[in-house]
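Q: Hey, I'm new to this one. Could you walk me through it?

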Amino acid sequence: MRFCLALIIFLMNTSFSHAACEGKEISEDIYNGPLCIPKNAQRIVTLDPLITLGMLLELGAPVVATPYMAIHDDGVMKSVKDRNLVDLGNPREPSLERVAALKPDLIIGSAEAHGQIYDTAAKIAPTVLFKHMDWKQYLQRLSEVAGGEGTADQALLAYERRVSSIRERMAKTELTVSTVRFAPGRFVVFVDGPEAYAPFAVLHEAGVKRTAYETVTDGTIVKRPDWEELASLEGDILLYVSASGFESDEDDKLEKEVVQNPLWQLLPAVQSGRAYRVDRGPWQSFHGLASAHRILDDIERHILDSQ
Amino acid sequence: MIRVISAFTLLLTLLIAASLTFGDISISWHAVFAVLSGSIDASQQDVMIVLELRLPRVLLGILVGTALATAGTITIAVLRNPLAEPGVLGINGGAAAAAMAVIVLMQDPPVFLLQVAGFCGATIMAVTVFLFAWRGGTSSLRIILIGVGLGALASAVTTFLSAFGEIGDVQRAMIWLSGSVYDANMLKVRLLSIWLVLPIMLTFLLSSELDLIRFGDNAARSLGQPVDKMRGLLIFICVMICGAAVAVSGLIGFVGLIGPHIATRLVGQAHYRIIPVAALVGACLVTSADLAGRVIIAPAQLPAGIVTGLIGAPFLAYLIWGRRHERG
Amino acid sequence: MRTGARTLVGRRMLAFFVLLFLLALGCLLAISVGTTWMPAKTVIAALVHFDGSRDHILIIAIRLPRVLTAIIAGSALAVSGAIMQAVTNNPLASPGLLGINAGAAFAVVTMMTLTGSGNGSSYIWFAFGGAGAAAVVVYALGSMGGIVHHSLGLILAGAVVTAFLTSLTGAVLIFDQSTLDAVRLWTAGSVSGRTFAEILDVAPYATVALAASLFIGRHLTALSLGQDASRAIGQNTALWRGVSLVIVMLLAGGAVALAGPIGFVGLIVPHIVRFMIGVDYRWVLPFCAIAGAFVVVMADMMGRTLFASQNFPVGVTIALVGAPFFLWLARTRVRAET
């Protein structure tokens, strides 16, 4: 029967020939490079709904689909719905059937999260899975791949100018700053180091000085102090995020719980009244230049202007 | 018996057809047929979806279901208890601990490492269980108890790793652990089918030994069976089968329990009849679980392991109810 | 004769008070150990003469609840294990192995998902319900036809039900991120981070159940002799089994609600206690309570010291020690079947 024949042929895996690249060729920092991708992709699918989606939207790239499940930020969600992006479900197991039905010409994802499905995705469209890198570098790579080279340059230049002016102003103060995130039953401190999470890399660039506990030289990204170790957050100013989980409903309750604890009230920043809550959107789900600018806003508002 | 086998084969064929047709994107029966018969009319996109995305999942599901059901038949016979699942041998616990270790401790592990780790974890655990239980001979009771104990140890290690890993990694691990054929591809199908052919055929050939060992050590020995060696061999085969299935698709539970039970109910106690029927039941079960998981909350996927787990509850209840008059 | 009995009772009372004293010392030590060492003087001062200083706040608000949680969970689990072993006449019965912990944990997680985490004290009732339901299911399954051993059937039924409930719990947690975040440590069995409010939710039920268990000691001894023997002496086995079930439900459910599913305490502590003082359950139960509390307090302290993290789940430490002990038990006490 023809079905059996088709099955047998498939089981024998005919390999396809390697054509010359008509578009762009990229090879650094990606999974299974070098790859040939179209010069001007018109239908892009992103498998990562956080930083990749955010940056692609900022670059004005023609995105057609993204997983909805992990999008926290209201602004991003609104953009996504306004553009009628197709929902791919869970970012860890995106629906490849929907991707196939969209006939995209480029798929972008994360090497760490999507390496397993690379082979299948690559059969649908050229698939670029980026490895983990510094956020500004990532913005550059994405603009090369999706928005056309140089689209991000203007924006990055503006950002750099703003950061250096803030850095000058910070150098004139002697203040140390501590940051912490509240999670149910524990605390998470994102440290200042070579592998720092994007918002805290921004802090570092802006010349913000963190306490000794919060500064590292190795690849640590987070520390998890308990109530006793919390005393090490002895900065003059304390910025905190309340993020109880995926949804934001419980955040206020969590904040109240923590702030009422006498051990919290013994912290130097709290005692001098310089503990401020910041929005979890840019600080916990960083998604591009807009987030970076909001972080700089927070720095200006709480550290520089409140002197 | 012929009737039972034909009925289940028919069911399986229907499930295969349904799995190829239904999913996130609807494809009509005509289109599916066009794709399968290699006709030029079939659209590129349909070919992609049916042959690249759905077909490997279906085939993998069939293989995994067959493997788990056969492994379950072996454990029930060797451990002489209707509730004995391959998981009791610590296979699931070992695979889970190894996989969790890889995901949490390694930065950017290469993709195939998870498979290898799962398989190694399962095998090492099963071997350890068997060695610990060996004390001048083996005994079903000891094997089960040691399996439970080592399983608890492995589960403590897994929980420990999950409590301290990055939440993203832990989630990835939990999805793998809940058993899914999401990332199926033809390579896995090919490898798994080659791997499984020998052990499953061997199991079928050893049906009479399975019948014997089920009667108890003394009875089997008096009929000339080298009981300890046979138990060891059968457990070895079971681990090979189960370890491969777990490595490929994570922990899909209850197939090893439900398959043999339904088979015994339908065709009696003789293993040369139970094995093929249990295999068919297992294949149907996993295929339908995967189909249900794909379709119920699209576009998100419910892992097949969770669906089989949910089916397990009513099944356990049915078992209790059916046996309420029996006293051990 | 009479002198002999009196000396026996006297010896046991002495042993009991020694154990109690050891527990108190252990608690003192556990409170002193932490990120910074608190000398005993400071600890006692904080308890007796609280002065609002940072150290005293730390002791009362952070370290004391941890030790109290450990005491409640440890004693509850050990006593419930002893009761289960008596009633089922199976030396391997315990809330962890027979799915009762898994049942309570699943019920709590489900409640948190359905109603949002941290919703007052109603989670206790879910824990009790889950524990009770699991006990009934496992017992029913375990009495089904297995070819030879009833004890085997019970253990296997427990393993199957535990696996099933654990996978279901995992399924719920995959889809409810916020609950996953809140319970990650608790699912491993942890005594850290409990507030006084939470402890006070559970304490009344645990205390009542522990007190009740003292009264059924005599009947448990009879039950542990086996069905035939207890019927022969005219005991109403159904009644006392029922009472035991309720007590086990309260104890195990309460322990899990507070500290998560900690395995092996309910299995091993009764064995050690019986080894030391025999099978008179009027004595076994109180000793189990103290010994269980001691084990959990010390295990938590050691885990925190050895693994340098104040949040290290005590369930893992106990499993790492308890599992080898259980394996030893299974290897040496179980003879090959004929």
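Q: What pLDDT does chain B average?
A: Chain B averages 82, and 91% of its residues score at least 70. pLDDT is the predictor's confidence in each residue, from 0 to 100.

Q: What kind of model is this, and how are things labelled?
A: This is a predicted model, where local features need pLDDT of at least 70, side-chain atom pairs count only at pLDDT 80 or more, and totals for chains, interfaces and linings use all residues. Residues are numbered from 1 along each chain as its sequence is written, while chains are lettered from A and ligands numbered from 1 in the order in which they are written.

Q: Why does the radius of gyration of chain B agree with a compact globule?
A: Because a compact globule with 328 residues would have a radius of gyration near 20 Å, and chain B has 20 Å. That radius is taken over C-alpha atoms, and the globule rule is 2.2 Å times the number of residues to the power 0.38. Along the principal axes, the C-alpha atoms of chain B fill a box of roughly 65 × 55 × 40 Å.

Q: How much of chain B counts as buried?
A: 61% of its 328 residues. Buried means 20 or more other C-beta atoms lie within 10 Å of the residue's own; 12 or fewer is exposed, in between is partly exposed, and C-beta atoms are placed from the backbone.

Q: Switching to chain A: which domains is it divided into?
A: Domain 1 covers 19-151 and domain 2 covers 155-304. Those bounds come from an automatic or database domain assignment. Their C-alpha centres lie 29 Å apart.

Q: How many residues of each domain of chain A are in contact?
A: 13 residues of domain 1 of chain A are in contact with 10 residues of domain 2 of chain A. A contact means the C-beta atoms, placed from the backbone, lie within 7 Å. On the domain 1 side, the largest share, 5 residues, comes from α2(A).

Q: Which residues of chain A have pLDDT under 50?
A: Residues 11-18 of chain A stay under 50, and the model has 3 contacts for them beyond four places in sequence. Chain A averages a pLDDT of 84.

Q: How do strands β10 and β11 of chain A pair?
A: β10 (residues 176-183) and β11 (residues 186-190) of chain A pair in the antiparallel sense over 3 bridges. Strands pair if DSSP finds at least two bridges between them. A:Arg181 stands opposite A:Val188, and in the hairpin, which has 2 residues between the strands, A:Gly185 takes a positive phi near 75°.

Q: What else does β11(A) join?
A: 2 bridges join β11(A) to strand β13 of chain A (residues 222-223), and the two run antiparallel. There, A:Val189 stands opposite A:Lys223.

Q: And helix α9 of chain A, is it mostly covered or mostly open?
A: Mostly covered: 6 of the 8 residues of α9(A) (residues 198-205) are buried. Among them are A:Phe200 and A:Leu203. Just after α9(A), A:Gly207 takes a positive phi of about 80°.

Terms used:
Contact = placed C-beta atoms within 7 Å. Helix = DSSP H or I, 4+ residues; strand = E, 2+ residues; numbered from the N terminus.
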